[in-house]
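Trainee: I would like to go through this protein term by term. Can we take the labels one at a time?

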Amino acid sequence: ADRVDNATGSPVPRIDLVPLIRWLHSRRALDAPMREGEFRSVLADDERKLFAFGRPLGNDETILLINYGPTKQKVTLRAGKPGQMIGVLIPLLNPQPAKPASPQGEKSGQPSASGTLRVNGSRQYANEQGEIRLWIGPMSVRAILVTDNIPR
């Protein structure tokens, strides 16, 4: 759940998202489709709080799937050609424990802005309809790599 500032009633930003934003920026630098591809809406489901967009470029495409809701969900996405191997990158926040309370106001037990990110991955083949099925946790992102050049 989002934290709320008791004094103002405003949501408190999640400082543990900084490593995720840095990772997404680095993926953009590595993936030509993320820089140069045309925007393509893949999924927009406000009720389930899911959003996915793709950036195709030539035979490659990078799709970002975002679950901005509070529950883990199973998602089916059109990605690639039937039988094509699809890579899925799964960034996982691994915040380092905060140092004891400091003059900057950091409290013990809260994730620090210097938290690290671990990225797991998986591969799967697109089904006969060119779809993949995957689980995505609450408040998380998956990067789906559709390319003929996925390392085996």
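Trainee: What should I keep in mind about the model?

Mentor: The model is predicted: local features need pLDDT of at least 70, side-chain atom pairs count only at pLDDT 80 or more, and totals for chains, interfaces and linings use all residues. Residues are numbered from 1 along each chain as its sequence is written, and side-chain values use heavy atoms, with hydrogens and water left out.

Trainee: Which elements does the protein have, and in what order do they run?

Mentor: There are 2 helices and 8 strands. From the N terminus the order is α-α-β-β-β-β-β-β-β-β. Helices (H or I, at least four residues) and strands (E, at least two) are DSSP runs, numbered from the N terminus.

Trainee: Why is Trp23 called buried?

Mentor: Buried means under 20% relative accessible area, exposed over 50%, partly exposed in between (1.4 Å probe, protein chains only). Trp23 has 12%, so Trp23 is buried. Its place is in helix 1 (residues 18–30). Of the 152 residues of the protein, 35% count as buried.

Trainee: What does Trp23 touch?

Mentor: Contact means heavy atoms within 4.5 Å. Not counting residues up to four places away in sequence, Trp23 touches Leu89, Pro91, Leu117, Val119 and Ala143.

Trainee: What makes a set of residues a nonpolar core?

Mentor: The members are buried Ala, Val, Leu, Ile, Met, Phe, Trp, Tyr and Cys residues, joined through side-chain atoms within 4.5 Å. The largest one here has 17 residues, and Leu43 is among those that touch the most other members. Strand 2 (50–57) and strand 3 (60–67) are among the strands that each supply at least two residues of this core. A second, separate core of 9 residues includes Trp23, Met34, Leu89 and Val141.

Trainee: Why does Lys49 count as partly exposed?

Mentor: Lys49 has 34% relative accessibility, so Lys49 falls in the partly exposed class. Lys49 sits in the loop between strand 1 (40–45) and strand 2.

Trainee: Where is Met139, and what is its phi?

Mentor: Met139 lies in the loop between strand 7 and strand 8. Its phi is positive, about 50°, although Met139 is not a glycine. At 42% relative accessible area, Met139 is therefore partly exposed.
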